[in-house]
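Please keep the sequence and the structure in view while reading.

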Amino acid sequence: MPNPKLGSILPAKGQIEPLYQRLQKTVRASARKAPMIQVKIGGEEQKEEEVIDNIMMVYNQVMHNLPKEGSNIKGVYLKLTMSKPIKIN
């Protein structure tokens, strides 16, 4: 469903390619049922530096959008597909 907040409503003859590229880089996270956010950070084919950058980007965005910023975050965990979670914060 088009969402005006994301800028995904186009005029009749608007260019769709820039919107498509921007939405491919968009992540939407919500915590409705439980007070936690689970986000895919990267894949096996990515370099370690790229995964670290992704982790820091998600962490900073979540912290920036919380009312009391960092005091609302109890812990940060990293989990691979078939592993136990590892606490990193």
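Glutamate 44 counts as exposed because its relative accessibility is 84%, where exposed means over 50% relative accessible area, buried under 20%, and partly exposed in between, with a 1.4 Å probe and protein chains only. Glycine 43 counts as partly exposed, because its relative accessibility is 25%.

The model is a predicted one, in which local features need pLDDT of at least 70 and side-chain atom pairs count only at pLDDT 80 or more, while totals for chains, interfaces and linings use all residues. Residues are numbered from 1 along each chain as its sequence is written, and side-chain values use heavy atoms, with hydrogens and water left out.

Confidence is given as pLDDT, the predictor's confidence in each residue, from 0 to 100. The chain has a mean pLDDT of 78, with 79% of its residues at 70 or more; the lowest confidence is in helix α1 (residues 17–24), at a mean of 75, and the highest is in β2, at 88.

The chain holds two helices and two strands, in the order α-α-β-β along the sequence; helices (H or I, at least four residues) and strands (E, at least two) are DSSP runs numbered from the N terminus. Of its 89 residues, 6% count as buried.

Glutamate 44 is found in the loop between α1 and α2 (48–65), and glycine 43 lies in the loop between α1 and α2 as well.

| Pair | Separation in sequence | C-alpha to C-alpha distance |
|---|---|---|
| Glycine 43 and leucine 80 | 37 residues | 9.5 Å |
| Glutamate 44 and leucine 80 | 36 residues | 9.7 Å |

The largest pocket has a volume of about 1,200 Å³. A pocket here is an open set of points on a 1 Å grid over the protein atoms alone, where a 1.4 Å probe fits, with protein on both sides within 12 Å along at least five of seven lines, and lining residues have an atom within 4 Å of a point. The lining of the largest pocket is formed by 29 residues, of which Ile37, Gln38, Val39, Val76 and Tyr77 lie nearest its centre. Both α2 and β1 (77–78) supply at least two residues of this lining, and the largest share, five residues, comes from α2.

Technical notes. Points joined across faces, edges and corners; volume = space filled by probe spheres on them.
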